[in-house]
Amino acid sequence: MRSLSEDLAEDERTLALVEGLLGEERIGYICTGDRNNVPHITPVFFAYIPHLHEILFVTDRTSKKIRNIIDNPHVSFTVDIRHLEDPFKNEGVMINGTAMISDVITDVDDLPGTLRGPYRTYIERFDRIVKRGKRMDRSILVRIIMAKAAYWMGTDFHPITFEHSLYYGDFA
Amino acid sequence: MPSETARDDHNICRQQEEEGEFEHKWVYESIAERLPLLSHLPRRYNVLAQLILMELIGIALGRYFDLEIRTVLFGSIVILTTILWSILALELGPIIRDFKPSRSLSESLILKRYRKRLFSPRHLEMAPGVVIFVLSFAYLNNWMPWETSLLVTWFGDQANPVVLFLVYLLHWDVSYRMGLGIWVTSVSLVRSIMFRIELGWRRKLEYTPLHDLNGLRNIDSKFFLFGLFSLLLIPVFITDTLLTSFLLLYSLYIVCVSFLSLHLIGGIPWLPPDIHSLVEEGMFAHVGTADDRRMPHVTPVAYVFDGHSVYFQTSVGSKKVRNIQQNPRIAFLIDVRDPDDVMKNKAVLITGRARIFGWRDVLPNMIKLFRVWALFHDKYPEYVQEYITGRRRLPEAWQLTPLIRRVPIEVIPETMVFWQEARHIALPV
């Protein structure tokens, strides 16, 4: 049986791995569920806000995922790096959490102070995509508040629970 | 996306449907709808009432004209066979008329021509029936070089004209339905051949939805019954070698043509070329499930595609399996990323139901499961090798022990969304 300090050290290591991957990768897969409990997945360009343990992305307010989030804010989010030849090198993070949506973004200053910086970072990072792919007058900001995360590399699997989380189901 | 012209042509097809161009019915369908009193009954009871009525008339005539029990029994067999064919005709007609135009103009036109031939306003479906009736009438009345004594065997030397009239009426019923069988199976074979020829001309997002392809398969598989039901008539004609041979040949023709048509239509991909190549090209997918507390769950998986369905394997004790057991709804996303231009990323999301293949499903699906297993070995040889050589490193749940540790799961599609150049296109399945 491991001691509390060993558990904390393990959580810190897992958090570092989770944050490392979320910081490097740009495309994640969000899974939402509609009122009939039918799952829906879409790839999104995202940014990670380390100090808030939140994931942030901008999307069209008329999209299916937004309609689903309004019905059911529980979401699952996965980021993974695939290795074509060796399954033991596949790496990924899966997050369970709650999604929150903002109003249509007309001005960055309308956002809460803590989000202005991350939002600007997101826009800078995905400037070309945001301008080409999205109509800004219909764009809204989605934040995923992380409740649980799991990092895997091959067959090694490390779950972690965040302090502010409410109970959010099991992972594996 | 279909071009403007193609879209216009689709609209024309739809308009024609709305205007009732495909509303023509087979002669028998029209008669069944107009039968006094019976036409008010639901279809099922209408046919049952016809059967009872015809049987009662047959038995009454048998008693009145003192016919042999064997003759009455033969008459009953013929009536029953005719009614079985009628049920088929009444069931298949509306299904075929309900087909919607596909998203491929050429395939829409094939379906349109198919329906036009089947439900021709000139009632071409009667032609084979008329030929069968005329030839068999001539044969039964000894107007041909080959003679028969069937009528004498059934009714003696002096058959009553009323009985003979009713016998010929039934004779026409049988001939018409046999002819209808020949007509529908032959026209369906032509349709399937045309589909296969046109397949090479599909472009981008042109396709016929799975729902309609399954409908065509369903119809073709029922056409077998036209042939099988005809075998019921063999005891009636067993004393006549020529008619018995004709029945066997008829049955063989229907079964072979239906099988060929079914085989051809079964090989048609239900995905448009752009999505088909994406699904074949893709190496990994993301599978989304949700438990009964509405908690979504998404993980990457390796998958294979057999031309019709996508399959992935997972551990028996995984969260995915537990979720699917609680709620079989599933989302399956396959995407291909362009490393140089994210705007060239492509993805397809298939939502539907998941089917877990457990122990009980092995025997009835042995061929399918073996094919899936072989596809995994072909697509992921390095993975399979790593799993074998690195077995000791694997946790139990990951070990490649089919059905004990890992189960195959099939995604049965219901909806489909395709992303291309940051645009999403919803396509019917």
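A nonpolar core is a set of buried Ala, Val, Leu, Ile, Met, Phe, Trp, Tyr and Cys residues joined through C-beta atoms within 7 Å. A residue is buried if 20 or more other C-beta atoms lie within 10 Å of its own, exposed if 12 or fewer, and partly exposed in between, with C-beta atoms placed from the backbone. Welcome to a predicted model, in which local features need pLDDT of at least 70, side-chain atom pairs count only at pLDDT 80 or more, and totals for chains, interfaces and linings use all residues. Residues are numbered from 1 along each chain as its sequence is written, while chains are lettered from A and ligands numbered from 1 in the order in which they are written.

**The core**

- The largest nonpolar core holds 113 residues, and those with the most contacts inside it are Val93(A), Ala149(A), Phe332(B), Leu333(B) and Val348(B).
- Helix H8 of chain B (residues 161–199) gives this core its largest share, ten residues; helices (H or I, at least four residues) and strands (E, at least two) are DSSP runs, numbered from the N terminus.
- Domain 1 (4–266) and domain 2 (273–428) of chain B each contribute at least three residues to this core.
- Beyond its neighbours within four places in sequence, Ala149(A) is in contact with Val18(A), Val93(A), Met94(A), Ile95(A) and Ile160(A); contact here asks that two C-beta atoms, placed from the backbone, lie within 7 Å.

**Where chain A meets chain B**

- Chain A brings 33 residues to the contact and chain B brings 37 residues.
- On the side of chain A that touches chain B, at least two residues come from each of strands E1 (27–33), E2 (39–45), E5 (74–81) and E6 (91–104) and helix H4 (127–133).
- That side of chain A divides into 14 nonpolar, 13 polar and six charged residues, where Ala, Val, Leu, Ile, Met, Phe, Trp, Tyr, Cys and Pro count as nonpolar, Asp, Glu, Lys and Arg as charged, and the others, Gly among them, as polar.

**Confidence and Ile81 in chain A**

- Chain A has a mean pLDDT of 83, with 85% of its residues at 70 or more; pLDDT is the predictor's confidence in each residue, from 0 to 100.
- Within chain A, confidence is highest in E5(A), at 96, and lowest in H4(A), at a mean of 60.
- Ile81(A) has its place in strand E5 of chain A, and it counts as partly exposed because it has 14 C-beta neighbours inside 10 Å.
- Not counting residues up to four places away in sequence, Ile81(A) touches Glu91(A) and Gly92(A).

**Strands of chain B**

- Strand E2 of chain B (residues 296–305) has eight of its ten residues buried, so it is largely enclosed by the rest of the structure.
- Strand E1 (residues 284–290) of chain B pairs with E2(B) in the antiparallel sense over seven bridges, and strands pair if DSSP finds at least two bridges between them.
- Phe284(B) stands opposite Ala302(B) in E2(B).
- The hairpin of E1(B) and E2(B) has five residues between the strands, and Arg294(B) there takes a positive phi near 70°.
- E2(B) also pairs in the antiparallel sense with strand E3 (residues 310–315) of chain B, over three bridges, and Phe305(B) has Val310(B) in E3(B) as its bridge partner.
- In the hairpin of E2(B) and E3(B), with four residues between the strands, Gly307(B) takes a positive phi near 100°.

**Domains of chain B**

- The C-alpha centres of domain 1 and domain 2 of chain B lie 42 Å apart; domain bounds come from an automatic or database domain assignment.
- Their contact takes six residues from domain 1 of chain B and six residues from domain 2 of chain B.
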